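Reader: I want to check how the terms for a ligand site are applied. Please show me the model.

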Amino acid sequence: MKELLLDLARGAGEIALAHRRRLGELVVDFKAEKDLVTAADREIEEFLRAEIQRRHPDHGILGEEQAERRTRSEYRWVIDPIDGTGSFVHGQPFYSISIALEKAGEIVAGVVHAPTLGETFCAEKGAGARLGGAGVRVSSRARLKESMLATGFACLRNNQPRNNLPYLAALLPRLRDMRRYGSAALDLCFVACGRLEGFWELNLNYFDVAAGLHILAEAGGTHSDFRGARAGLYGELVASNGLVQREILAVLASVPA
Ligand code: IPD
Ligand code: CA
Ligand code: CA
């Protein structure tokens, strides 16, 4: 199945690159004031759905831009056609196509493809994580002050009352530095390959992180909600190389609710 995910991601990547060559003509709509969706997002999801249904007409499909296709199959595809639409619209390289495959509710394979970076992360359950043809593992940095973390601000985009700014203020002074790339899927893959030690964000969606969390787990990483459990996971996600997870959680816990 991993080969199919890779083929689908590459085909979707070609569509993204074709739109990127004509960004000035790109139709951009607004799901909310800062929540963009473009003709590229929609075309890529349509392509992925059509290709999946042609090969596996009985499989379920959950995608960001269309209604879920519910079936009786134990297989369900989880798609974010462009993760980092803001980056894409602004001509920046940090956007990705994220595709995960669930079997009986458990993710068994995932791919995050970054067409402009020319990087493809993938994983299959029990077979480890890969960047292109090479295996990848999380970093061995074990102290927050040696670490780089990434985050995002969907909370501000969605005007959530509880937002990420106090957590950023608490964590940033304790880090070597932080990054805000613009694609949660890529952030998780950068933790998986050791470029980052961790990532945290509020108000993500399952389709943002399904493939990235699978790749991170297969690379030896871990994730939880802000309390170290898996209850409110996508509302408040902390992912890391496992070595700095406890330190991150302690800092987050120090922020008044
Ligand atoms: C967004 C990106 C961004 C994150 C947002 C997500 P989208 O996905 O992953 O980095 O901060 O929370 O919604 O909307 O571009 O698919
Ligand atoms: Ca997304
Ligand atoms: Ca998206």
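Author: What follows covers the site of ligand 1. This is a predicted model, where local features need pLDDT of at least 70, side-chain atom pairs count only at pLDDT 80 or more, and totals for chains, interfaces and linings use all residues. Residues are numbered from 1 along each chain as written, chains are lettered from A and ligands numbered from 1 in written order, and side-chain values use heavy atoms, without hydrogens and water.

Reader: What makes the contact between D80 and ligand 1 polar?

Author: A polar contact here is a pair of N or O atoms within 3.5 Å. A polar side-chain atom of D80 lies 3.3 Å from a ligand oxygen. That pair qualifies. So does the backbone of A184, with a polar atom 2.9 Å from an oxygen of ligand 1.

Reader: How much of the accessible area of ligand 1 does the protein cover?

Author: The protein covers 96% of the 370 Å² that ligand 1 has on its own (Shrake-Rupley method, 1.4 Å probe).

Reader: Why is ligand 1 said to lie between two domains?

Author: Domain 1 (2-136) and domain 2 (144-253) both give residues to its shell, so ligand 1 lies between them. The bounds come from an automatic or database assignment.

Technical notes
Polar contact = N/O pair within 3.5 Å; in protein donor to acceptor, adjacent residues only side chain to side chain.
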